[in-house]
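I opened the structure to look up its strand pairing. My notes follow.

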Amino acid sequence: MQANRTLEIGTGFFVLLGFAALFFLTTQLPSSGLKFSAAKAGYHVSADFDNIGDLKVGSPVTMAGVTVGDVESIRFDSQSYKAVVGIRIDPQYKQIPDDSFASIQTQGLLGGKYIGLSPGGSDTFLKNGSHIDQTQSAIVLESLINKLFANFANKSSDQSQSGSQADESKKEEPKK
Amino acid sequence: MSNGKHGAFLLEGVRKFGSSAIFLFQLLLQCIPALGRPRLVVAQIYNAGARSLIIIMLAGLFVGMVLGLQGFTLLQRFGSEEALGSAAAIGLLKELGPVMTALLFAGRAGTALTSEIGLMRATDQLVAMEIMAVDPLRYVAAPRFIGGVVAMPLLAAIFNLVGLFGAQLVGVQLMGVDKGAFWSQMQGSVELHDVNEGIVKSLVFGVACSLIAVNEGYHAAPTAAGVGLATTRTVVASSVLTLLLDYVLTAAFL
């Protein structure tokens with residue numbers, strides 16, 4: 001009987017643990033699904049962006065490279081056509097000027113996006129429910145490349161007349 | 001002459017394959033009545049699963065830690081350490097978790113199954129059962145097979161979870177990747193079908209490894225050397241088949 005009991009307890013423990021692991025993997029990891037996370041302390045501010053790139057809930061919010069909080073919520077405002085990002089800032093960082101500047105930046109070449117705060121000069125500080133007015137959107141690499149190519153195209157069309165003459169003279173040479 | 005030898009060798013291979021297939025079919029037929037004896041099945045889940053828990057968790061922790069370390073040093077070159085979370089999660093969920101679990105399972109539980117059933121065969125216990133009109137397939141082989149099939153996905157899930165913890169331990173605690181970025185990148189890149197792929201893989205590996213272990217034991221030569229040989233074959237065949245099936249399943253899921 002005693003041996004039977006340990007067997008049952010062991011099996012129950014194993015199966016429960018296994019299903020708990022399966023539950024975690026299927027619900028907590030994928031981007032879709034219900035998430036449980038302990039509410040973290042801190043105060044909440046919001047900021048509007050024209051374009052957030054691939055900023056995600058949970059992305060860090062940094063100041064001078066130090067993480068001071070994280071992105072709590074992202075939603076689309078259909079009135080202003082902007083993305084409203086909810087930011088939670090750790091309670092120990094109380095003295096952030098309320099005219100601070102928020103910009104979306106990229107970690108490294110392939111990394112995810114994060115919000116960088118640069119301090120303003122105001123004497124009043126951000127508090128719960130404040131709104132950050134000055135923002136800069138994410139830099140979308142593709143539009144940057146497009147601009148670059150457009151620039152190149154303009155330059156080459158300027159030089160095309162002198163360039164084409166040179167080309168023609170080169171083409172003629174092998175024939176002769 | 002040599003042609004005939006090769007022919008016999010090939011024929012023997014085909015015969016083994018066929019006998020395993022027939023055995024699987026008989027085993028599946030006996031699985032339903034075996035479920036009517038839940039106590040036998042629970043005992044085998046305990047044997048195959050609960051007793052493999054320690055080695056699975058230990059292996060998972062270290063695999064995850066290595067993944068964290070290697071991934072970090074590699075990703076650091078491109079300045080995108082934060083992608084470590086998604087790299088570790090995808091690697092563990094889709095490949096390392098199911099495959100490593102299957103290999104460990106073959107070594108830890110598969111060998112125990114084969115030698116146990118093989119010894120029953122060698123000491124004529126299985127024959128004695130047949131004489132008493134007790135079907136050894138139903139009372140010996142089927143519960144062990146079900147136990148292995150049930151245990152494998154659960155073990156793989158635990159392996160994945162502990163592995164993620166290990167990767168987080170090295171990446172976040174030791175190397176200083178931002179914790180929020182680690183988890184948010186992971187959740188951003190892992191889709192539900194990635195998780196499902198891992199679960200399906202571990203189920204298939206569970207069926208393959210358990211079948212091989214039970215089959216080798218059941219058909220072992222009834223001698224001490226025969227049981228030893230059968231145990232060796234279990235490990236070799238399970239490992240090779242796991243890796244082969246892994247490729248096929250990965251290709252099928254793409």
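I count two strands as paired if DSSP finds at least two bridges between them. Helices (H or I, at least four residues) and strands (E, at least two) are DSSP runs, numbered from the N terminus.

The model is predicted, and local features need pLDDT of at least 70, side-chain atom pairs count only at pLDDT 80 or more, and totals for chains, interfaces and linings use all residues. Residues are numbered from 1 along each chain as its sequence is written, and chains are lettered from A and ligands numbered from 1 in the order in which they are written.

Overview. I found 3 helices and 8 strands in chain A. Along the sequence their order is α-β-β-β-β-β-β-β-β-α-α.

Strands 2 and 3. I looked up strand 2 (residues 60-63) of chain A and found it antiparallel to strand 3 (residues 66-77) of chain A, with 4 bridges joining them. Val66(A) in strand 3 is the bridge partner of Met63(A). The two strands make a hairpin with 2 residues between them, and Ala64(A) in the turn has a positive phi of about 55 degrees.

Strands 3 and 4. Strand 3 of chain A also pairs with strand 4 (residues 82-89) of chain A, antiparallel, over 8 bridges. I noted Ile87(A) in strand 4 as the bridge partner of Val71(A). This hairpin has 4 residues between its strands, and Tyr81(A) in the turn has a positive phi of about 55 degrees.

Burial. Of the 176 residues of chain A, 20% count as buried (20 or more other C-beta atoms within 10 Å of the residue's own, with C-beta atoms placed from the backbone).

Key. Buried ≥ 20, exposed ≤ 12 C-beta atoms within 10 Å, placed from the backbone.
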